[in-house]
Amino acid sequence: MIMTEIKNIKKKYGKKIVLEDISFSVQEGKCVGILGGNGCGKSTLLSILAGVQKADNGSFLWEGADLFADGKVRSEILGYVPQGNPLMEELTAWDNLRLWYDKESLKKELEEGVLAMLGIPGFIRVPVKKMSGGMKKRLSIGCAVANRPKLLLLDEPSAALDLVCKERIGNYLRDFKAQGGSIILATHDVPELELCDELFIMKEGVLEPYTFDGNVHHLVGRL
Amino acid sequence: MRQIRHCFLYYALLSKRFFKKFSFIILLCTVPLLVLGLKNVSAEDTGMLKILLYAEDPEDETVRELTAKMLKEDSVINYQSVEDVDTGKRMVARGEADALWIFRDDFINRAEKIISTGRKGGGVITVIEREENVAMQLARVKLFGIMYPDLSYALCKNFVKSELGIEATDEELMNYFKSSGNEEKIFNLELVEGDAAGITEKQNYLTAPLRGMLALMIILCGLAAEMYYLQDKEHGILDAFSLRRRQRSVYVYQMAAMIPVAAAIFAALYLIRDFTGVGRELLLLSLYLLDSVFFCNLVRKLFGTAGRLGAAIPILILGMLVVCPIFFYFRNLSAIQNLVPTFYYLRYSCVRLELGDIGKMLLYALIGGALDMITDWFARSRA
Amino acid sequence: MKKFRQYFLAQLKRVWKAFPFIALMTVLLVGCMAVISIAMLRSYNSSDKKQKLEIGIAGDTSNNYISFGLMAVQMLDTSRFYVDFSQMSEEEAKSRLKAGEMTAYVVIPEGFAEAFDAGEDAKVTYAAANQASGLGSALTNEIVEIVSNVIYSSRTSINGIWSFMDDYDCPEDPNVVSDDLFAEFMNLFLGRTKFWSVNYLGADGSLGFISYYVIAIMILFMLLWGITGSSLFMKRDVSLAKFLKAKGQGILLQISAEYLAYFVLMAGTMLMIFMPAVVVMAKANLILPEWQNDPVSQGITFVVRMLPAMALLAAFHFFLYELITNMVSGILFQFIMGLGLAYLSGCIYPLSFFPESIQRLVPFLPSGLAMKYGAGVMRGVSVGTEMAGIVLYLALFLGLAAIVRGRRMKA
């Protein structure tokens, strides 16, 4: 049972404490959801785990390996989808994907793999600047999973997407979990909460476990 | 009334966007500072040409007087005396000086001999240059002008002897024929309508192009604002507006960008004393802003997208550097010059501003505005 | 390495999409400028007047000295190229000056001739516009000084001959004698070249005027061209940068790939413009002394050898794109820096026009270094020091760009 462990992560910007002793773990095939108001530090946590920023303190272990220390392993097992869309606007979906996939595997994934599941073949030759928000997000996920990650970090993947799109992404993530992948998901979205096996609320840099009872008002009250 | 309030609100919000960017504030501060820096630099010893002076006979009185006059003179030519010929030649060869003038010994006797015989015989000055060009020719003309009092005296001396047959001493002749060359100048220099223009300080040739360069910044600012507008349009920020309002909102973008930059330029012109009075400068700048708005709008419509406009900007700027009287003034380009608002601004910035001049700038705005509206109308009717 | 290659190729593809339009625009507009320049040159060469600066004359020019002064200046080779005098009324002169059709005008007041002949303090007004083209005005002023000296000295001598003849009881007719003397002055002026001999060292130790300006125009163009890449490379969104970092493509790798793509775009466009320009120059017989042997091939070699200078300026632009992500500020900054550096580095007025302090500073500026490098390449001398400077600047600008991006990613 592969476990991802996040231990005592701290982060300060000047005097402001953004993350205070963040610790949790993610089992294989499970999804951890992190809820919180805007600017509470969810994105900061994910970017630290992704290696974009450095934590002031703490460790990030996967199968005992310290991913903060070993960038190579980290880039092999992680897939990270940031809030914005990490795409080159002037190029097509195909061009953006070619950055991460070689030709053969790209064709294969488009035919019957993860890209097909995300519905990307439908707009493979469309320039990114002409795509809808949903298309861009699906493409971003497609790019993120090129290395067949074991752990996905998703920062509000369904924000501003239509229901069909959300469903598509949700189906993909369920499939990912079923195949043994782990997910850490920062979200505001209630349907996405259903994906999560474990929930935490981030408030003032501190992570608190939470159980969603289906009542959004209760949730808002906790935030 | 509501629309006007909305317009001002939008202007305030756009301005806030610009001013929230630290880079924009730095830019505004940089303009007057850079200009002031250049003004200070130009106050140092400068010259278009650097001419080295060497006297074969340092005791020659005539040569001493000539070289002293040149070294003291405030001119676009920078004179410097040099210790020996070889040093001077080396400096010229290396490009550290433009020419070396070697004043030969027995200067005045040689001059008299040339005048009396009409033959060159080596001349009175040996000029060492790297290459011949117009600037060198001008320098030699100036040299002749400086030498002229002595040469005319030598000529008179020879004339008196050969034509009148009178042998007189130098002391006697000097009273009649020697002009020091230091007398009051025949020409009384005036800056035409400079009083009316309010200009009291003539600009150094180094700082003279500054007004033009700053004026170009306004155009560039307008074009950049157009690109900003196009980007916002692309991102759907203006989708809430009606098509007509969307079209009109570009003016707000331009004003939000151009007005602060114009204010920085206003301050810069004041600092370098190329300033013709608050009211006059404000009027000219306002008219120029108005003309620039329509000019930039039409350029944007010509190119269509931010990418194409961005690609075209450097070439447009280069073109305007040539066409407008910033560094050089080419009179044969009036057909193109009349299309560029910067040309009007620079032309009227140094003369008395008359009603006709204001009228011309307003006419430019009128024509630009009409073209703008017509193209907008076509766009709306096709939409 | 593979990751770098993939990302670089992706950036190249981006740039390639923009290249056709950028190249087309550049070629079209440079072509227009070339047509204008050729038309201008033709009009200057074919004109009898060969005027560059026109000076209006208002008033009575029948006075001998004024006529002499004007004739003398018109007969000067240089001023014939520079100055042409036209007779007109003061009102017309004022309005033409205001219209920018003239550089200056001269007003000879009534009674000037009599006052001047009588040796009184008579003045002629010379009115110039304090126009932005300060160089033209400065040159005109110099010529006016020369004329003033000539006229004044001549008058002193002519008046002197009258007094001399009177004091020495000369039998000759003073009118005839003064006319003869006047004619001598004219001969003196016309024969002025007898007073100097000119020796040319040749431009071996430094660049000739035209060679200098070929380099200067290239550098000016390259500096201003930085604005072109703004829409492609000025980015506010760092999502892609974060994504790439998460994927193991560090900031330096990102910066290098993007910079190289930009450099390829810039170099491609510059080569597209300057190579044909070299051929056109050769066809128009505008042959630089340094390219005497084989103008086209030497010219093209020169353009190719200027690639390091292009790389330097490309790095400079790239740093500015990274530093300033706001479109308006970014473009304006590119312009101020580009034109400002070009001006100070001698791309418009020669560097020798500036004070010593600036001349000493300029070789350390990126534009000055590029000029120095270009001058070295043109002259065929060793440019090792300049290359080292270029490499240092490359490292500096790209390093700074990486630092800025890192900070932006953390924000």
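Modeller: The model is a predicted one, in which local features need pLDDT of at least 70 and side-chain atom pairs count only at pLDDT 80 or more, while totals for chains, interfaces and linings use all residues. Residues are numbered from 1 along each chain as its sequence is written, and chains are lettered from A and ligands numbered from 1 in the order in which they are written.

Colleague: Why is A:Gly71 called partly exposed?

Modeller: A residue is buried if 20 or more other C-beta atoms lie within 10 Å of its own, exposed if 12 or fewer, and partly exposed in between, with C-beta atoms placed from the backbone. A:Gly71 has 14 other C-beta atoms within 10 Å, and is therefore partly exposed.

Colleague: Where does A:Gly71 lie, and which residues does A:Gly71 touch?

Modeller: A:Gly71 belongs to helix H2 (residues 71-77) of chain A, where helices (H or I, at least four residues) and strands (E, at least two) are DSSP runs numbered from the N terminus. Leaving aside residues up to four places away in sequence, A:Gly71 touches A:Gly51 and C:Gly248, a contact being two residues whose C-beta atoms, placed from the backbone, lie within 7 Å. The C-alpha atoms of A:Gly71 and A:Gly51 are separated by 7.6 Å, although the two residues are 20 residues apart along the chain.

Colleague: What makes strand S8 of chain A mostly covered?

Modeller: In strand S8 (residues 182-187) of chain A, 6 of its 6 residues are buried. A:Ser182, A:Ile184 and A:Ala186 point one way, A:Ile183, A:Leu185 and A:Thr187 point the other way, and all are buried. In a regular strand the side chains alternate between the two faces of the sheet.

Colleague: How do you know that S8(A) pairs with strand S7 of chain A?

Modeller: Two strands pair if DSSP finds at least two bridges between them. Strand S7 (residues 151-155) of chain A and S8(A) have 5 bridges in the parallel sense, and A:Leu152 has A:Ile183 as its bridge partner. The chain passes from S7(A) through helix H7 (residues 163-178) of chain A to S8(A) in a right-handed β-α-β crossover, a term that applies if, with the strands pointing away from the viewer, the path from the first strand over the helix to the second runs clockwise. Strand S3 (residues 31-36) of chain A also runs parallel to S8(A), joined by 5 bridges, and A:Cys31 has A:Ile183 as its bridge partner.

Colleague: What makes strand S2 and strand S5 of chain A edge strands?

Modeller: The open sheet of 4 strands has the order S2-S1-S4-S5 (chain A), with antiparallel pairing, and strand S2 (16-27) and strand S5 (65-66) each pair on one side only. Strand S1 (residues 3-13) of chain A is joined to S2(A) by 8 bridges, with A:Ile9 partnered by A:Ile22, and S1(A) pairs with S4(A) over 5 bridges, with A:Lys7 partnered by A:Ser59. S4(A) and S5(A) are joined by 2 bridges, and A:Trp62 stands opposite A:Ala65. These two strands form a hairpin with 2 residues between them, and A:Glu63 in the turn has a positive phi of about 50 degrees.

Colleague: What does the radius of gyration of chain B say when set against a compact globule?

Modeller: The radius of gyration is taken over C-alpha atoms, and the globule rule is 2.2 Å times the number of residues to the power 0.38. For 383 residues a compact globule would have a value near 21 Å, but chain B has 30 Å. Its C-alpha trace spans about 100 × 45 × 35 Å along the principal axes of chain B, and buried residues make up 46% of the 383 residues.

Colleague: How many residues of chain B are in contact with chain C, and which classes do they belong to?

Modeller: In chain B, 117 residues are in contact with 105 residues of chain C, and helix H6 (residues 134-162) of chain B gives the largest share of that side, 17 residues. The side of chain B has 69 nonpolar, 24 polar and 24 charged residues, where Ala, Val, Leu, Ile, Met, Phe, Trp, Tyr, Cys and Pro count as nonpolar, Asp, Glu, Lys and Arg as charged, and the others, Gly among them, as polar.
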